[in-house]
Amino acid sequence: MVEAVQRAAIEDKLTKLVNSFCPVLYEDDETFLKNMEQKNLAGDDIRRYQHWEWTQGVGLYGIWKLFNCTKQEKFLRILTEFFDRQLQIGFPALNVNTVTPFLTMSYVGEYLHSERYLAPCRETARWIVEHFPRTEEDGFQHITSDARNDQELWDDTLFMTVLFLANMGRIEGNAGYLEEAKRQILLHAKYLADPETGLWYHGWTFRGRHNFAKAFWGRGNCWVTIAIPEFLQMAPCDPATEKTLTELLLRQVQALAREQDPSGMWHTLLDDPDSYVEASATCGFGYGILRAAHTGRLDRRFEETAWRALAPILEQIDDEGILHQVSYGTPMGRESRDFYKNIPLKCMPYGQALAILFLIECLLDPKLVEPAPVGCHS
């Protein structure tokens, strides 16, 4: 049984995370912007990418979940002000990563019944279906703002693009969008889910027909742990597909339980204890496992794996509300697993957001001896 004092600790750290969030959300990523000066594939105004990438997209999703849980208007205001600012600047060229912020915009547009926000989402969903670069077997090629990644599938795509398409399918009642999202998850699983361990490789190339460095990258795997239960809540599937996706998730979570570090965290290379423990992946696993258990996708015995991660994550959140031990944005490790060990650690919006998601889901757990905050619901 979780003590009341633990609820207070979770709420205290959650408050600090949220208070620190806006400065991090709007903080310029100088490394990214400098790279974009040389490698901007679309030749767009770089200001359009400045705060409209996957890093902000994941962050916005955390704030949406917080608003949906508490119904506090201040959180909705953070989102609408962010979107209004971008509408004035204009959107960058679409790719896997620049689609990500539209996931939260679609929820906000639906909640507010606002075409101001829904119209760009409708255009983006149509573009995905009609124009998204494809691999063999019609997979979503992992094209980013600075790299085409020709004929490559990455596990990141499931959260960054596929969830948005599924949500627009739900909002618009568009069965075609839902079917395409489902097919993308199954296709990515075909080439990325390792049949031996249950963990997922970071990527696959149809050019060389291999999984690059064969890395079971932590944060890449956490996108899967989040995406499957979220997708199943957005898009009820036929029994066979639901069973397949649930079994994929179950096998991954069983592997995660085996690979969990004694500290309760996970390593950036899940099967390499010599790689550093990494907080954003740990939060993603914690959230995804609890979310799946709370929505009936996993047996509740797996909750213990997620709860073991709570104490070390609370320790990684400092008094300023910054989550430490977060790995920076990570491209494909194409030749060596050691590539992942050398990714630097840096405070990032997605780290803050994944911690917010994890702590919110902890507060929704019936194990807590006090009721969840008023207005909170799963």
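1. Helices, as named in this note, are DSSP runs of type H or I with at least four residues, numbered from the N terminus. In that sense Ser106 belongs to helix α6. The coordinates come from a predicted model, and every remark that follows should be read with that in mind.

2. Ser106 deserves a careful look. Its relative accessibility is 0%, and Ser106 therefore counts as buried, the cut-off being under 20% relative accessible area. Once residues up to four places away in sequence are set aside, Ser106 touches Leu118, Cys121, Phe164, Asn167, Met168 and Ile171. Between Ser106 and Tyr117 there are 11 residues of sequence separation, and their C-alpha atoms lie 6.9 Å apart in space.

3. Asn97 is also placed in helix α6. With a relative accessibility of 9%, Asn97 counts as buried. When neighbours within four places in sequence are left aside, the residues in contact with Asn97 are Glu53, Trp54, His142, Ile143, Thr144 and Met160.

4. How are α5 and α6 arranged, at what angle and how far apart are their axes? Helix α5, which covers residues 73-89, packs against helix α6, residues 96-112, at an angle of about 115 degrees, and the two axes are 11 Å apart. That angle makes α5 roughly perpendicular to α6, and the crossing of the two helices is left-handed. On the α5 side the contact is made by Leu76, Leu79, Thr80 and Phe83, while α6 contributes Pro101, Thr104, Met105, Val108, Tyr111 and Leu112. Sorted by class, this contact of α5 with α6 has 8 nonpolar residues and 2 polar ones, and no charged residues.

5. Taken by itself, α5 has 17 residues and reaches 24 Å from its first C-alpha to its last, which is close to the 24 Å expected at 1.5 Å a residue. The buried residues in α5 are Phe75, Leu76, Ile78, Leu79, Thr80, Phe82, Phe83 and Gln86. Just after α5, Gly90 takes a positive phi of about 105 degrees.

6. The pairing of helix α8 (residues 156-172) with helix α10 (residues 218-234) can be set beside the previous one. Here the packing angle is about 10 degrees and the axes are 9 Å apart, and α8 and α10 are therefore roughly parallel to each other. From α8, the residues Asp156, Leu158, Phe159, Met160, Leu163, Ala166, Asn167 and Arg170 meet Trp223, Val224, Ile226, Ala227, Glu230, Phe231 and Met234 of α10. The contact of α8 with α10 comprises, by class, 11 nonpolar, 1 polar and 3 charged residues.

7. Is helix α12 enclosed or open to its surroundings, and what is its span? Helix α12 runs over residues 279-294, and its 16 residues reach 22 Å from the first C-alpha to the last, close to the 22 Å expected at 1.5 Å a residue. Just after α12, Gly296 takes a positive phi of about 80 degrees.

8. His113, found in the loop between α6 and α7 (115-131), has a positive phi of about 55 degrees although it is not a glycine; with a relative accessible area of 72%, His113 is exposed. Gln325, in the loop between α14 (310-316) and α15 (338-341), has a positive phi near 65 degrees, and its relative accessible area of 22% makes Gln325 partly exposed.

9. A last point concerns Glu137, whose place is in the loop between α7 and β1 (152-154). At 36% relative accessibility, Glu137 counts as partly exposed. Not counting residues up to four places away in sequence, Glu137 touches Arg183, Leu187, Lys190, Tyr191 and Phe206. Of these, Leu187 is 50 residues away along the chain, and the C-alpha atoms of Glu137 and Leu187 are separated by 8.1 Å.

Key
Residues are numbered from 1 along each chain as its sequence is written. This is a predicted model: local features need pLDDT of at least 70, side-chain atom pairs count only at pLDDT 80 or more; totals for chains, interfaces and linings use all residues. Side-chain values use heavy atoms; hydrogens and water are left out. Axes are lines fitted to C-alpha atoms, for helices over the stretch in contact, and angles run from 0 to 180 degrees between N-to-C directions. Angles under 35 degrees count as roughly parallel, over 145 as roughly antiparallel, 65 to 115 as roughly perpendicular and the rest as oblique. A crossing is left-handed if the near helix is turned anticlockwise from the far one by less than a right angle, and right-handed if clockwise. Contact means heavy atoms within 4.5 Å. Ala, Val, Leu, Ile, Met, Phe, Trp, Tyr, Cys and Pro count as nonpolar, Asp, Glu, Lys and Arg as charged, and the others, Gly among them, as polar. The expected span of a helix is 1.5 Å times one less than its number of residues. Buried means under 20% relative accessible area, exposed over 50%, partly exposed in between (1.4 Å probe, protein chains only).
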